[in-house]
Amino acid sequence: MKIPIIIDCDPGVDDALAIILALRHPKVDLKAVCTVTGNGDLENTTKNGLKILSLCGREDIPLYKGSGKGLDDKQPDTVPAFGDDGLGGYAHVVQTDKQIEQENAVDFLLRAADESNGEITLFATGPCTNIARAIRKDKEFPKKFKKLIVMGGAKYTGNMSPVAEYNFWADPLAAKEVMNAGFHEIVMIGLDVTNKIALGADIREILRMFDTDLSRFIYNITRVGLEENWETRRKPVAPMHDVLTVAYLIDESILTLKKANIDVVAEGIGRGQSIVDIGGHWSDGNCNALYAAEVDVEKFYKLFLTTIFKENEQEILEYLR
Ligand code: BDR
Ligand code: CA
């Protein structure tokens with residue numbers, strides 16, 4: 001049976017990759033996409049979401065527009081790392097007539113929770129605002145999902161400050177409320193592992209040579225991220241954080257998880273920092289989440305590439321061997 005999922009996101013190059021991977025894998029049933037401000041303002045991330053669904057020929061999947069402002073009623077700073085349009089300057093290439101649904105993302109999430117029978121896995125690959133707003137309206141909301149898989153936080157690093165990752169930093173209060181809301185299971189996939197799966201220049205070049213609509217799209221949208229990493233860190237790699245959430249759903253053995261108690265710093269110098277207490281050592285043994293400690297990078301690439309480019313499977317396997 002297919003796994004029903006909803007992705008709440010801020011597309012965003014790596015959100016786009018997460019959606020594409022979900023749509024290309026036979027095991028996954030993407031029920032809906034919700035958008036939030038993040039890798040661009042809300043109009044921008046919403047437009048990108050519509051374009052990605054059209055690019056994949058899945059205009060039938062509904063898209064719900066969500067929160068433009070955080071829980072503090074301010075629009076968080078958006079991320080410049082993926083270019084002005086959030087898709088590496090390449091969004092204009094995809095045309096779409098697809099429209100958003102009339103219902104707001106928060107109302108949709110509340111309704112989806114009620115109709116879910118506890119079977120839906122919820123993904124958060126952007127700031128947690130929509131999900132936190134849903135929880136504020138219905139305390140039972142978390143219990144109505146099978147689990148929450150969130151790209152956010154980190155134990156040992158940050159990308160907005162020495163200690164804070166963007167999604168948690170953008171709306172830290174939302175992240176804090178979501179982590180502590182009582183989901184049956186939360187898997188927190190943070191920078192500690194997502195930094196390790198960044199797309200290297202060699203594999204990106206192979207995508208260019210595959211020369212399909214999708215491979216060209218991924219090649220082009222990842223250019224700005226790769227250049228930014230080269231300029232700032234002398235590393236020719238493009239960020240792909242969010243895609244690891246869907247890869248984990250498809251094959252759990254890609255990640256090594258550790259039970260942990262995870263909280264988020266809502267303000268001050270540590271704003272957005274995730275405090276990861278492995279084993280609940282400082283919390284009387286209580287754990288509210290699973291923390292992604294390690295990733296099998298080779299296994300990830302095999303899954304990611306052979307799922308999205310099935311027609312090039314042999315070449316991919318030969319290259320990865
Ligand atoms: C996260 O921030 C966004 O820019 C990415 O899409 C990802 O979800 C990484 O910190
Ligand atoms: Ca994202």
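1. R234 is exposed, with a relative accessible area of 51%, where exposed stands for over 50% relative accessible area, buried for under 20%, and partly exposed for what lies in between, with a 1.4 Å probe and protein chains only. The residue belongs to the loop between α10 (223-233) and β8 (237-238), helices here being DSSP runs of H or I with at least four residues and strands runs of E with at least two, numbered from the N terminus. Phi of R234 is near 55 degrees, a positive value in a residue other than glycine.

2. This is a predicted model, in which local features need pLDDT of at least 70 and side-chain atom pairs count only at pLDDT 80 or more, while totals for chains, interfaces and linings use all residues. Residues are numbered from 1 along each chain as its sequence is written, chains are lettered from A and ligands numbered from 1 in the order in which they are written, and side-chain values use heavy atoms, with hydrogens and water left out.

3. D284 also deserves a look, with phi near 55 degrees, a positive value in a residue other than glycine. Its place is the loop between β10 (274-278) and β11 (289-295), and D284 is exposed, at a relative accessible area of 77%.

4. The peptide bond from P11 to G12 is cis, with omega near -15 degrees. Of these two residues, G12 lies in the loop between β1 (3-9) and α1.

5. Ligand 1 is surrounded by 13 residues, the closest being D14, N39, N159, E165 and D242; a residue is counted as near a molecule if one of its heavy atoms lies within 4 Å of it. By class, the shell around ligand 1 divides into 4 nonpolar, 5 polar and 4 charged residues, where Asp, Glu, Lys and Arg count as charged, Ala, Val, Leu, Ile, Met, Phe, Trp, Tyr, Cys and Pro as nonpolar, and the others, Gly among them, as polar. Two helices, α1 (13-24) and α5 (166-170), each supply at least two residues of this shell.

6. Several polar contacts to ligand 1 can be listed, a polar contact being a pair of N or O atoms within 3.5 Å. An oxygen atom of ligand 1 lies 2.7 Å from a polar side-chain atom of N39, and a polar side-chain atom of N167 is 2.9 Å from an oxygen atom of the ligand. From the backbone, a polar atom of T125 is 3.0 Å from an oxygen atom of ligand 1. Taken alone, ligand 1 exposes 280 Å², and the protein buries 98% of that, with accessible areas coming from the Shrake-Rupley method and a 1.4 Å probe.

7. D14, one of the residues closest to ligand 1, is placed in helix α1 and is buried, with a relative accessible area of 3%. Between the C-alpha atoms of D14 and R136, which are 122 residues apart in sequence, the distance is 28 Å.

8. Towards the end of the numbering given here, T306 is found in helix α12 (residues 297-308) and counts as buried at 14% relative accessibility. The C-alpha atoms of T306 and H25 are separated by 9.9 Å, although the two residues are 281 apart along the chain. Y319, in helix α13 (residues 313-320), is partly exposed, with a relative accessible area of 40%; its C-alpha atom and that of V264, 55 residues apart along the chain, are separated by 41 Å.

How values were computed: Polar contact = N/O pair within 3.5 Å; in protein donor to acceptor, adjacent residues only side chain to side chain.
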